[in-house]
Amino acid sequence: MKWLMMFALMGIGSQSSLSSDITVSVFSATSRTMTLRWTRFSAASSYKITVSPKSTPNTLTAFAVFGPNTVLGSVNSLSPNTQYIFKVEALDNDLVLSNAITEATTAPELMGQIERVKPRDSRTLIVEFGQTTGATNYIIRIQNADGFFAEKTVPSSPALIESLTPYTDYSINIIAASDAGRSQPSVPVAAKTVLPPIQLTASSPSNDSIVVSWAPVDNAVRYSVAFHKLGSSGKDMLNTTGTSLTLPDLDAGSLYIINGYAWDAEGREGEASPYINQTTRPPTPASVNVSVVLDNEVAGLSVSWDLGQDVHGVLQYLVTSDQNLRCNSTSSPCTLSPVGCGETHTIQVTATNEAGPGYPSSPVVFTTFPCPPESLAVAESDVENCTLTWNAVPHADKYMAFIKRDDGSEETCNTTGSSCNYHCQCGYTYLMSVFAFNQAGSSPPGPVLNYTTLPCCPVNVSISLVSIDTLEITWAGGRGAELYETRATDDSRIILCNDTAPVCVLSDLSCDSRYSVVVTPCNDIRGCNRACPAHKNYTAPCMPTDLTVSQKNATCITVSWTADNTNASYTVSVAGEGSTRTCTTDQNSCDITDLPCGSAYEVSAIAAGMFGNSLPSFSVSLETAPCCPLSLTVDQVTQAMTNVTWSHARGAESFVTSLTSPRGHARCHTQDSHCLMGCITCGTNYTVSMEAFSRSGHKSNCSYQGFSSSACCPSGVKLYRMANNSLRVYWRSSGSSHDYTADVVGSSANYTCTPPPGENSCDVANIQCGDVYHVVVAPLTRGGDKVQFCPERLYSVSCSGSNVGMVIYRGKRSVD
């Protein structure tokens, strides 16, 4: 073979380095031939290949001899798919210089003819063939007259040959292959791909038909289109030589699955097109119903409908009105908004799906709710009966009037006319509205009429006298009243009082007068109810005037006044010091007796009648003479001064106290409860008296027990030294036969001596010399007490040895 010779020449031309042993490897293998390759041996004159089956290694199956320059050789006539032992020897004539052994398996046996070739689609053929022992895969060769050639390795039958050209002739054979090599190709067979698929497009011109169209396919002589409804088991088929078909008598709003294919001149069916989906247009909505709805107080027309059968896919519904309203929805219902009262609408519903809109529904004529009645008015036909009237409105079948009172109670009236009667009471505000009705419902709220009846007259009117010229009128409020006008009338004038509260005070009235009082309720809307009854009442008697008080005696007064009242009595009050004395009479004077001393009173008179008391008269002040102090004490402070004190005297503001004797008197005038009085003569009996004065000058003369001043202090007090450490105290008496005592007080010793009555000296023994002595000679009171205010004299008594020395006069001091 040419390629073996070429490898042999390559071996001759290469002078690779020599090795001690040759090596051998498999170059290629077929089902009956094995080509080996070995390394050169420099001394070899030839190379020999011997072949033995591995199953019977001692059996020589074939051999071949090659020249010294050959390194690649083949052995033929082998069995397919058989494992052999190959031995290569380097020979020098018959001498074996080196050898190498390898094992290899021949390729599978030659494939049989392809059993069947059929098209799967216009670009794919399905090849079916028999299996060959020992083959691990298969190689399919395909070619056409235009020079296309390709091989595809497949693991088994059947096999797909893809990416071919539609409607083209091909020649196909197959080779078995394994790790050892490939078999010879099988005998080729002829095959042809089918026509390509047609490209369908579809649309639905109506709800019972679909139009399918496509571009023409080369070499096609006719076309078939198959279709069926989703969910059905049957399938329909239509044929044509053109490029479009209309699928008739379909169900509205249904999904149809469609595909088709072309036919060639040989009568072969081309590749089927992909399935396409097409929905027929939706059916016409039926049973259209219209009603009125409210959304946030905006009225609309709720339109509902029924398709009457199951439809496929999502539908969009368009609802239109000839009043330029429309709405879209994916389901029933849909609302046309806004709509007004008294409108007439012609409404249609159209369903739309992906195929387009269906036929619109039959027109529905709908009249909206009527407009609200206007020009509401009220007339009071008679007592507590009112009539509400209004204007009639188009499209109204009936009316309903709502009369709501401000206390929450409500009355309704149904009528086909334009007026209603209702019960109306005083003092209420009525809110009235009228609604019109038809088959679409109620009209919107119309005007609200606010009507207020006259306020009711007050009840439980009570009139009370709160002062001589003031009447207080109270009542239970009249319903509906916002303001009350209270009018009081006597013979000469009218007094008015306006207030929002159910109480009024009429002041500045005439005392002892008869008044007619009327309480009139009013409000801003209806004014005043002038039909309320009058009530009679009298004011209190007039106040007594010109009150005078005269003192009848020390404990009794007479009170008189001026008054001109009808059927009145008078009470005089004398009030003060926590108590009140009164007298009552129907005359113009009366007496008050047994008034205590030292008291201040306010005297007033008041008139009393059937309807109350007058104001008290202006008061007149009254004071009784002050009381005398219950006790008075005179204490002699010095020889010529006394301190007079006394107890509290009720009503007394100042006092004049007097000490009176034939030898003179002393007086003091004070507001205090004590008084120092000088110019008192010692050894004198005094008369004690007092004048007590009130704030207004009333006087009381008070007498008390007399007072005798103390004996006079002696004069000429001297201290003489006597024998035996004694001293003599000498003085000149005041001429009265008083008892005296003499005190000689030193820093370390005190001495006292008392002479017999009538004497004016006494001696003090055991005097300590060298000291300064205070000498006081004082008379004794009748009670034996020493007068404390006589002066003292100071004497220094010196020592002469241990005896009294000189007595020196140091001065005279008053007693502290």
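## About the model

Because this is a predicted model, local features need pLDDT of at least 70 and side-chain atom pairs count only at pLDDT 80 or more, while totals for chains, interfaces and linings use all residues. Residues are numbered from 1 along each chain as its sequence is written, and side-chain values use heavy atoms, with hydrogens and water left out.

## Cis peptide bonds

Let's start with the backbone. Most peptide bonds are trans, and most residues other than glycine have a negative phi. Two cis bonds are worth a look in your viewer. S157 and P158 are joined by a cis peptide bond with omega of about -5 degrees. P158 sits in the loop between β11 (149–154) and β12 (159–161). Strands here are DSSP runs of E with at least two residues, helices are runs of H or I with at least four residues, and both are numbered from the N terminus.

The other cis bond runs from S337 to P338, with omega near -5 degrees. P338 belongs to the loop between β26 (334–336) and β27 (344–353).

## Positive phi away from glycine

S163 is not a glycine, yet its phi is positive, near 60 degrees. This serine lies in the loop between β12 and β13 (169–177). S163 is exposed, at 60% relative accessible area. For these labels, buried means under 20% relative accessible area, exposed means over 50%, and partly exposed falls in between, using a 1.4 Å probe and protein chains only.

C679 also carries a positive phi, about 60 degrees, although it is not a glycine. You will find C679 in the loop between β58 (674–677) and β59 (685–693). With a relative accessible area of 68%, C679 counts as exposed.

## Salt bridges

The structure holds 20 salt bridges, each defined as a side-chain nitrogen of Lys or Arg within 4 Å of a carboxyl oxygen of Asp or Glu. One of them pairs R526 with E380, whose closest N and O atoms are 3.2 Å apart. This pair links distant parts of the chain, 146 residues apart: R526 is in the loop between β43 (514–523) and β44 (527–528), and E380 is in strand β30 (residues 377–382). Both partners are partly exposed, R526 at 29% relative accessibility and E380 at 38%.

E485 takes part in a salt bridge with R487, the closest N and O atoms being 3.2 Å apart. E485 also meets R530 in a salt bridge, at 2.7 Å from N to O. The R530 pair links distant parts of the chain, 45 residues apart, with R530 in the loop between β44 and β45 (534–538) and E485 in strand β40 (residues 483–489). Elsewhere, a network of salt bridges links R141, E151 and R182.

## Around C590

The last stop is C590, in strand β50 (residues 589–592). C590 is buried, with a relative accessible area of 10%. Leaving aside residues up to four places away in sequence, C590 touches I557, T558, V559, W561, V572, C583 and T585, where contact means heavy atoms within 4.5 Å.
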